Amino acid sequence: MRDALRAPESDSPVPPSSPRAEVPSFADVIIPRHLNRAFTYLIPARLQDRLHAGSRVRVPFGPITLQGVVVSVSARLTDTAERVGPTTKGLREVLALLDDTPETTVAPDLLELTRLVSERYLAPWGQCLRLILPASTPPKRSLRYFITDAGRKIERGGGRLSSVTRALLQRLAVSPKGLTLASLQRTSATSVAPVLASLRHRGWVREIGLDQGDDQRRITGHGRSTASRRVEASEPLRVDRYRELTVSPTLKPTWWDRLQLALDSACHSAFLLQAPAAQRFACLIEAAGETLARDRTVLIVVPEIARASAIAALARTRWSDRVELLHSGLSLRARDDAWRRIRTGAAAIAVGTRSAVFAPLASIGLIGVDEEEDPALKEESEPRYHAREVAWMRARQNDAVLLLGSAHPSLESLTQTRLEKVTLDKPPTGGQPASLPEIQTVDLRHTPYGTLLSEPMIVGITAALAVRAGQLGAILFLNRKGFAPSLLCRDCGETPHCPQCSVTLTFYKRASRLACHYCGTTLPLPDTCPSCRAARLDPIGFGTERLEEEVRRRFPQARIGRLDRENARTPAQAEAIRRQAVAGELDILIGTQMLFQGDSLPTVGFVGLPHADAGLHLPDFRSAERTYHSLLDTVALARPGDEGGRVLLQTYLPTHHAITAVAHANASSFHDQELVFRKAIRYPPYSHLISLRVTGKNSERVRETAERWADMLKAAVARGGRTKAVPAGGDHLTDEVTILGPIPSAVAQLRGRHRWQLLVKSVNAEAGRQTVRATLEELEKSKGKSGLKFEVDVDPVEMV
């Protein structure tokens with residue numbers, strides 16, 4: 001690789017920055033590629049006094065040029081580089097410094113954070129570097145600052161101003177064409193970006209952006225950023241219900257005093273707040289205000305874009321343009337604008353989805369992670385970080401307060417001893433908590449086979465429609481879209497499968513097609529069985545489309561809406577259905593998990609779950625926990641019991657602890673029973689998992705490689721001296737590490753690639769990581785030649 005790249009590799013870690021008497025001549029640069037090491041480059045003379053750790057540079061890399069980040073500079077070659085050759089002839093030069101202002105370089109703490117993420121999640125450092133870089137391809141903008149009429153009056157008035165403020169206003173007053181941030185910074189010994197942000201907020205200075213190649217100037221003024229306004233225009237939000245929220249003094253017991261003490265002393269503390277969304281929002285906004293009052297910044301991370309937009313809009317009602325929104329739905333230009341506003345200090349509150357945990361905020365005082373149990377906080381592609389855990393890292397780095405929030409926290413958080421647990425069961429303005437709705441269970445084992453709507457379900461819907469009074473009357477939750485999960489041939493018993501994945505195709509009756517939910521393959525509905533050519537193909541099971549058909553048959557006069565990915569393919573379509581529900585234009589709403597996304601739906605008189613135990617049959621040790629959380633979310637859609645709210649669960653497993661805990665409103669019974677199961681089989685929170693997967697086009701080669709990987713893992717454990725006997729069945733056990741597998745994955749073929757998996761269980765997290773790390777380098781050597789891919793998922797949240 002060194003010959004191909006002509007840039008020697010450096011194994012040296014990031015050294016702490018320190019003053020140097022000698023002129024730096026060499027820079028170690030991390031490249032955003034699947035590489036674990038830094039590469040050493042010559043620093044040209046024109047850049048020797050401008051390059052430092054954190055500088056973003058453009059460097060040659062083989063036949064192409066890439067953006068990288070300098071992790072260290074030195075006057076001499078490192079030992080590793082000197083071993084490549086006695087001279088510097090083989091080294092290539094840094095081509096350019098991408099940004100010439102301190103405010104746009106990568107902060108040292110973020111650079112260190114990527115290294116920690118790389119180590120924890122066994123991902124190449126180069127891949128982790130992508131997480132902290134701004135969007136790389138937007139057209140470059142020239143931002144200029146102009147003094148306003150109000151600013152001229154202040155500058156001429158001779159009032160009390162700081163020396164930096166007066167100097168800025170004086171320079172802008174004599175510059176009719178405006179000045180860039182870089183120009184203003186050159187004459188100031190301190191950072192001018194926060195001062196400019198304050199002047200813009202007061203209306204004394206305005207910011208004008210000119211795109212290269214575009215003659216039209218865009219004035220952003222002293223209000224919100226252009227990116228923020230663009231988002232608000234495209235995403236309708238309903239935040240009126242939260243605008244006046246405050247935390248009642250009765251909801252501020254000693255934990256709130258300890259939170260304030262942690263903010264005062266800049267001491268890291270962590271809290272887990274269990275409460276409904278309104279209470280969590282109120283506490284989060286109140287805590288953000290306390291943090292800003294202490295001149296520190298705030299980072300808020302949530303699982304979904306709609307919720308991030310709602311929280312950002314709520315925060316803007318108090319702090320206007322000091323709030324910035326970051327998520328993947330923004331354009332590259334908007335993301336770049338947001339990154340720069342946050343990095344320069346123009347925004348003090350960053351709100352966003354999973355990737356916003358890497359927002360370039362300085363002096364963070366509070367990090368809030370809402371719905372901390374949501375699987376969406378876990379990245380699915382490399383590096384597979386969990387935003388909640390990265391939030392822990394940043395909070396410790398910055399001596400900040402971590403505030404996790406959820407209506408039903410994960411078992412991992414509930415058993416985390418470092419978290420102070422806080423439960424709020426009162427409305428955000430005080431008062432008594434609402435009574436729970438009446439919850440009834442129907443045992444489907446005692447109903448005719450294939451029952452979609454039992455008699456109690458029909459009676460409940462009918463009663464709710466009779467008293468709906470112009471509002472949404474009933475909600476039915478079924479987390480399975482389509483008409484039926486599969487078709488079955490009554491002659492030969494075969495079911496149509498996806499040609500690219502080892503899963504059955506879902507039947508969509510209205511569209512007359514079969515579709516794969518994994519790869520998106522669609523096929524026309526066959527007239528006969530693909531295997532035996534018989535004409536007896538029947539749908540097996542049911543989804544939201546079939547449920548809607550049955551409800552329409554039973555209630556022909558009702559106005560029925562369906563909220564799932566098939567019926568609401570875009571956010572606008574989903575929002576339109578929600579607006580209908582809120583306005584009372586629907587009598588019955590049927591939906592999947594999308595019912596719980598976005599803004600809250602109005603509570604209704606009747607909530608039904610036609611198949612409450614559907615999620616319990618997935619091959620995932622967290623299936624019971626996820627089902628329990630979904631059931632709780634569904635119950636929350638019903639009105640309180642004293643207002644006539646009812647919930648009905650149809651299930652084949654009425655005695656399962658997830659079902660009984662919901663039916664009897666007994667959370668501790670679920671937690672206690674589930675933890676007993678987890679402890680018996682040594683699964684989280686009583687162990688740490690690393691999921692390993694080998695994928696490739698050749699099934700035999702994939703199997704052989706997975707078996708070789710298992711042997712390598714066992715050998716690595718044996719070298720550590722912790723080996724116990726190997727039991728029958730092939731699983732490898734030690735005091736700290738257990739190797740399970742290899743076996744074919746639950747979905748053995750996905751998008752044409754065969755998949756085998758292994759699982760590494762360890763009591764000590766670092767022991768498991770060391771075991772896997774010892775095998776990765778050897779495996780990577782054969783990756784490109786064989787067409788195989790190796791996936792490493794530390795602390796996986798999905799096991800399918």
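Residues are numbered from 1 along each chain as its sequence is written, and side-chain values use heavy atoms, with hydrogens and water left out. In this predicted model, local features need pLDDT of at least 70 and side-chain atom pairs count only at pLDDT 80 or more, while totals for chains, interfaces and linings use all residues.

The protein chain has 25 helices and 33 strands. Both are DSSP runs numbered from the N terminus, helices being H or I of at least four residues and strands E of at least two. Of the 800 residues of the protein chain, 53% are buried. Buried means under 20% relative accessible area, exposed means over 50%, and partly exposed lies in between (1.4 Å probe, protein chains only). Contacts are heavy atoms within 4.5 Å. Among contacts between residues at least 6 apart in sequence, 74% join residues at least 24 apart.

The largest nonpolar core holds 69 residues. A nonpolar core is a set of buried Ala, Val, Leu, Ile, Met, Phe, Trp, Tyr and Cys residues joined through side-chain atoms within 4.5 Å. The members that touch the most others are Val-117, Leu-402, Leu-692, Trp-709, Val-772 and Val-792. Helix α23 (residues 699-719) gives the most to this core, with 7 residues. Leu-692 is in contact with Trp-709, Leu-713, Trp-756, Gln-757, Leu-758, Val-760, Val-772, Glu-791 and Val-792, leaving aside its neighbours within four places in sequence. Another core, of 34 residues, lies apart from the largest one. Its members include Cys-283, Val-302, Leu-314 and Ala-348. In soluble globular proteins, nonpolar side chains tend to be buried together.

Two helix pairs that share α12 were examined. The axes of helix α12 (residues 277-293) and helix α13 (residues 305-319) come within 11 Å and cross at roughly 45°. That makes α12 oblique to α13. Axes are lines fitted to C-alpha atoms, for helices over the stretch in contact, and angles run from 0 to 180 degrees between N-to-C directions. Angles under 35 degrees count as roughly parallel, over 145 as roughly antiparallel, 65 to 115 as roughly perpendicular and the rest as oblique. α12 passes α13 in a right-handed crossing. A crossing is right-handed if the near helix is turned clockwise from the far one by less than a right angle, and left-handed if anticlockwise. On the α12 side, Ala-277, Arg-280, Phe-281, Ile-285, Glu-286, Ala-288, Gly-289 and Leu-292 take part. They meet Arg-307, Ile-311, Leu-314, Ala-315, Arg-318 and Trp-319 in α13. This contact comprises 9 nonpolar, 1 polar and 4 charged residues. Here Ala, Val, Leu, Ile, Met, Phe, Trp, Tyr, Cys and Pro count as nonpolar, Asp, Glu, Lys and Arg as charged, and the others, Gly among them, as polar.

Helix α11 (residues 254-265) packs with α12 at an angle of about 30°, with the axes 10 Å apart. This crossing is right-handed as well. Trp-255, Trp-256, Leu-259, Gln-260 and Leu-263 in α11 meet Cys-283, Glu-286, Ala-287, Glu-290 and Thr-291 in α12. The residues of this contact divide into 6 nonpolar, 2 polar and 2 charged.

Arg-46 is in the loop between β3 (38-42) and β4 (56-61). It is partly exposed, at 49% relative accessibility. Beyond four places in sequence, Arg-46 touches Val-94, Leu-95 and Ala-96. Its C-alpha atom is 9.7 Å from that of Ala-96, 50 residues away along the chain. Ile-458 lies in helix α17 (residues 455-466) and is buried, at 11% relative accessibility. Beyond four places in sequence, Ile-458 touches Leu-453, Arg-554 and Phe-555. The C-alpha atoms of Ile-458 and Phe-555, 97 residues apart along the chain, are separated by 9.3 Å.

The backbone also has cis peptide bonds. The bond from Glu-382 to Pro-383 is cis, with omega near -5°. Pro-383 lies in the loop between β15 (364-370) and α15 (387-397). The bond from Gly-741 to Pro-742 is also cis, with omega near 15°. Pro-742 is in strand β31 (residues 737-750).

Positive phi values occur at non-glycine residues. Glu-371, in the loop between β15 and α15, has a phi of about 50°. Glu-371 is buried, at 14% relative accessibility. Asp-795, in the segment after β33 (789-794), has phi near 55°. Asp-795 is partly exposed, with a relative accessible area of 22%.
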